Every structure is written in structure tokens, then in C-alpha cells.
Amino acid sequence: MQKNDIVVVTIEDMGTDGEGIGKVDGYTLFIKDAVIGDVVEAKVMKAKKSYGYARLMHIISPSEFRVDPKCPVARQCGGCQVQVLSYERQLVFKNEKVLNNLMRIGGIPEEVLARIMEPICGMDKPFRYRNKAQFPIGTDKEGNLIAGFYAGRTHSIIPCKDCLLGVEVNAQILDIILGFMKEFGIRPYDEERHDGLVRHVLIRTGFTTKEIMVCIVINGKSLPHGEALAGRLAKIPGMTSITLSVNRDKTNVIMGNEIVPLWGETYITDYIGDVKYQISPLSFYQVNPVQTEKLYKTALHYAGLTGKETVWDLYCGIGTISLFLAQNAKQVYGVEIVPQAIDDAKNNACINEIENAEFYVGKAEEVLPGYYKKYAEEHPGENAHADVIVVDPPRKGCEESLLRTMVDMKPERIVYVSCDSATLARDVKFLRGNGYELQKVKAVDMFPHTGHVETVVLMSGKDVIKYQV
């Protein structure tokens with residue numbers, strides 16, 4: 001196979017990010033925007049020895065699972081990888097991804113997974129679910145101001161003010177900001193020249209409280225005529241917080257660390273279940289509140305708390321899972337590397353009058369082993385113990401040193417929440433080799449129309465009575 005070859009391919013499978021996979025004379029091609037069941041004409045863009053990447057040119061015979069995307073820029077935008085796949089089939093694809101990773105990487109027999117894997121948790125309404133959006137600001141070829149999203153693997157902005165995954169008020173907010181910039185001659189940021197002022201607009205919405213936050217990321221210390229913009233935005237029902245994020249670095253990181261109040265509060269509030277959270281521009285907060293509640297309730301159910309347990313919540317963020325657990329546990333300890341997140345977690349515990357949750361700043365890989373070692377020094381002949389450990393790591397999963405400490409603490413149950421089922425499967429394999437067995441698995445579709453899926457698993461010690469859920 002050579003670059004620029006035109007081939008006809010039957011799509012037989014889909015990759016982890018939703019790309020179609022087919023073979024031509026035994027040669028594997030990955031084709032973005034093709035879905036399982038399609039017969040397509042494709043142009044080879046990159047050819048390696050045994051596989052390559054091709055561009056979809058023409059759909060010869062559409063799959064029975066193919067649908068017309070609701071978003072007019074779904075193919076150009078890098079956000080929705082699988083919007084052309086029916087939602088029912090998206091759920092099958094995601095569940096199979098988790099299943100296959102646990103089998104292939106985790107070494108879990110298929111017959112075991114058939115018994116313990118629960119049905120994937122999908123959405124009744126898989127659009128308008130995001131409570132957060134970040135829009136880069138720039139200009140088109142004619143010099144007109146635009147807001148939108150980056151095309152896949154590029155920093156070229158696809159104009160789109162009304163993403164169908166986000167809330168409808170986003171478009172109104174962006175119209176006001178772009179109109180303001182045009183009126184006062186305020187230039188957008190130019191990545192190549194590192195000049196211009198407005199880089200991004202962050203919008204958050206409280207789905208329960210209906211509160212709205214707007215944070216404008218700027219390449220400067222202030223926004224000229226900012227009070228005029230604030231006055232216009234403040235008229236939108238629900239507007240609660242308008243701030244600036246100062247980011248003068250030449251970087252792909254969106255947010256700066258300095259937040260400057262422009263109008264109203266520096267945070268909004270929202271609820272997951274009965275727990276209230278304050279959310280600042282820099283807070284990590286799950287973007288899909290409907291599915292987040294289902295995810296956390298699953299984690300809480302798997303934890304099997306009776307009110308007598310000591311629980312460690314690792315990678316706790318602003319305390320979202322910790323405070324859920326604290327309602328049913330004796331004591332919860334949360335660990336998070338981001339100081340601002342821990343400040344938020346402590347404040348969230350306070351506003352919910354939760355007194356049995358403590359939070360520590362630091363790397364989970366350092367804090368938990370450090371605690372375990374110090375406990376042994378202070379209590380000769382004893383080891384630190386946790387009844388339940390909940391872990392929700394970043395995409396890279398857990399470091400082995402942390403997993404070893406978790407095993408050493410001999411919790412009855414480990415609840416692992418994962419945004420990457422491949423690293424989850426790797427860590428499950430380690431835990432299975434060190435005294436724990438997989439009890440339950442449940443995938444939760446937090447991000448419809450993308451290739452991503454969250455997973456919750458329950459593991460229990462082989463030397464303790466198996467926890468039945």
C-alpha cells in the first residue's frame with residue numbers, strides 16, 4: 001500500500017477513538033468518520049509496513065448503524081468522533097471497548113466478564129449534556145472574528161457558537177463577546193505571533209441552580225472596557241460570575257492561574273444529588289451532571305458503606321466523590337495534587353456541613369505511601385488500614401508504587417473509577433495478582449458522541465468474604 005492510493009474498504013471494526021477499521025488484501029487501514037458496516041472509498045494518507053491511515057472520500061454503501069449527524073460541522077470539528085453512529089450502537093461500541101481491554105490487557109476470562117459486567121449506563125437525551133465549554137477566539141480568512149472549536153489534531157478554528165452538546169445560552173454569550181470585541185477593536189490572540197488579547201472563553205452552567213459563569217482568557221492583565229462587556233453579559237438570566245483568566249504564556253494550556261473578578265462572584269454553585277459544590281474557573285468538575293450522579297451512585301453502591309468505614313479517596317479533585325462517600329462513611333480522607341482543588345474540597349465540605357472528610361494536597365503516589373510508612377513508624381508492629389479505597393486517576397492510571405501501598409493497607413474493597421479502560425485493565429491485572437479479584441464492572445457513558453467512556457469496577461480481597469452487590 002502506498003500513500004495516495006485510492007481503495008475500497010469494508011469497515012469491520014472500530015478503534016478506541018471511534019475510527020473505522022478495515023482491511024485491503026490483509027493490510028489494515030484506520031479511517032476517521034467511517035463506522036462499522038460502511039463500504040467506503042478512501043485515500044491512503046500515511047502508509048506503514050502493516051497498517052496505515054486513510055481519509056474517507058466517499059461512502060459507497062452506508063452502514064445500517066450510520067445516521068445523519070445533527071451538528072452541521074460534526075465531521076470538521078474534533079469534538080464528536082462518532083456522532084454519525086446511532087446512539088444505541090455507540091453504547092455497544094463503548095461497552096465492547098471496556099470488555100475487550102479487560103480481556104486482552106487485564107487477562108479476565110470472557111466467561112467471568114459475562115457474569116459480572118453490568119449493562120452500560122447510557123443517556124435518555126444524549127445532546128445538550130455539557131455544563132462546560134471552552135471556545136477559542138480567532139479570525140477567519142477574511143479577518144472576521146470567530147469562535148468555535150479546533151479541527152481534529154490542529155489549532156484551526158471551526159466556527160461553531162452553538163455546539164449541540166452544550167447549552168443553548170452559549171451562543172448568546174459568544175455573540176455578545178464577539179460584538180463587544182468588534183465594537184471596541186479588541187483583537188483575538190494570535191498563537192504564531194503571540195500577540196492579540198482574547199484567547200478563549202470558558203462558560204460553565206449549573207444544571208440544577210441555573211447559574212452561569214463566563215471566564216475570558218486574556219493575553220494581558222486587563223480587558224479594555226471590561227465593565228461595558230460585564231454590563232451586557234449580566235443581563236442574561238442566571239449570570240452569576242464574570243471573570244478574567246490571565247494567561248500571558250506561549251503555551252497550549254488554556255487557563256492561566258490568575259483569576260481577576262470582573263462582575264459578580266468568582267464561582268457558581270451546583271448540585272450532584274444532595275451535595276452542593278462551589279465551582280471556580282479553575283475547578284475540575286465533571287462536565288455531564290446527569291451521568292455524574294449515576295457514576296457516583298454506582299461508586300457509592302460498590303463501596304458498600306455502612307457508616308463504620310474509613311475510606312481513602314485518591315485523586316479526589318474538588319471532593320465530588322469524597323463528599324458523596326462521607327454521607328455513608330465514618331471517615332473519608334481525600335488526596336489531590338492541585339492546591340486550588342483541595343481549597344475547593346474543604347470549602348465544599350464546609351458548605352454541606354460535612355465534618356468527617358479531611359483533604360490533603362499532594363501526589364497520591366507520595367501521600368498514601370508516606371502515610372503508610374509514617375503510621376508504621378509511630379505504631380510499631382501495626383500497619384495502616386483502610387476499609388475501602390476509592391481511586392479515580394487521570395488517563396495514565398495509577399503508578400505501581402501506589403497500587404502496592406493500596407494492597408498493603410488491605411482494604412476489603414477497592415472501587416476504581418477510570419476514564420481509560422486500557423490503563424484500568426493494566427491496574428486490575430496488578431491487583432488481581434496481589435490478592436484482589438474483580439467483582440463488578442459497569443461502563444457509564446459520560447461523553448455521548450465521542451469515543452470516551454468511564455468505567456467503575458469493584459474489587460475485593462480474596463481472603464475476605466466477597467461483597468455481594
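Start with the open sheet of seven strands, whose order is β8-β7-β6-β9-β10-β11-β12 and whose pairing is mixed. The model on screen is a predicted one. Select residues 157-159 and 258-264 to see the edge strands, β8 and β12, each of which pairs on one side only. From one strand to the next, the twist averages 35 degrees.

Strands of a sheet pair through backbone hydrogen bonds, either parallel or antiparallel. Both kinds can be visited here.

For the antiparallel case, select β6 (residues 132-139) and β9 (residues 198-205), which are joined by five bridges. Within this pair, pick glutamine 134: its bridge partner in β9 is leucine 202.

For the parallel case, go to β10 (residues 212-218) and β11, where seven bridges join the two strands. Click on valine 217 and then on serine 245 of β11, its bridge partner. Stay on β11 and select residues 239-246: this strand is mostly covered, with eight of its eight residues buried.

Next, leave the sheet for a pair of helices. Two packed helices are described by the angle between their axes and the distance between the axes. Select α9 (residues 400-408) and α10 (residues 421-432), which pack at an angle of about 40 degrees with their axes 10 Å apart. The two helices, α9 and α10, are therefore oblique to each other. The crossing of α9 past α10 is right-handed.

To see the contact, show the side chains of Glu400, Leu403, Arg404 and Val407 on α9, together with Asp427, Phe430 and Leu431 on α10. Colour them by class: the contact of α9 with α10 has four nonpolar and three charged residues, and no polar ones.

Technical notes: Residues are numbered from 1 along each chain as its sequence is written. This is a predicted model: local features need pLDDT of at least 70, side-chain atom pairs count only at pLDDT 80 or more; totals for chains, interfaces and linings use all residues. Side-chain values use heavy atoms; hydrogens and water are left out. Axes are lines fitted to C-alpha atoms, for helices over the stretch in contact, and angles run from 0 to 180 degrees between N-to-C directions. Helices (H or I, at least four residues) and strands (E, at least two) are DSSP runs, numbered from the N terminus. Angles under 35 degrees count as roughly parallel, over 145 as roughly antiparallel, 65 to 115 as roughly perpendicular and the rest as oblique. A crossing is left-handed if the near helix is turned anticlockwise from the far one by less than a right angle, and right-handed if clockwise. Contact means heavy atoms within 4.5 Å. Ala, Val, Leu, Ile, Met, Phe, Trp, Tyr, Cys and Pro count as nonpolar, Asp, Glu, Lys and Arg as charged, and the others, Gly among them, as polar. Buried means under 20% relative accessible area, exposed over 50%, partly exposed in between (1.4 Å probe, protein chains only). Two strands pair if DSSP finds at least two bridges between them.
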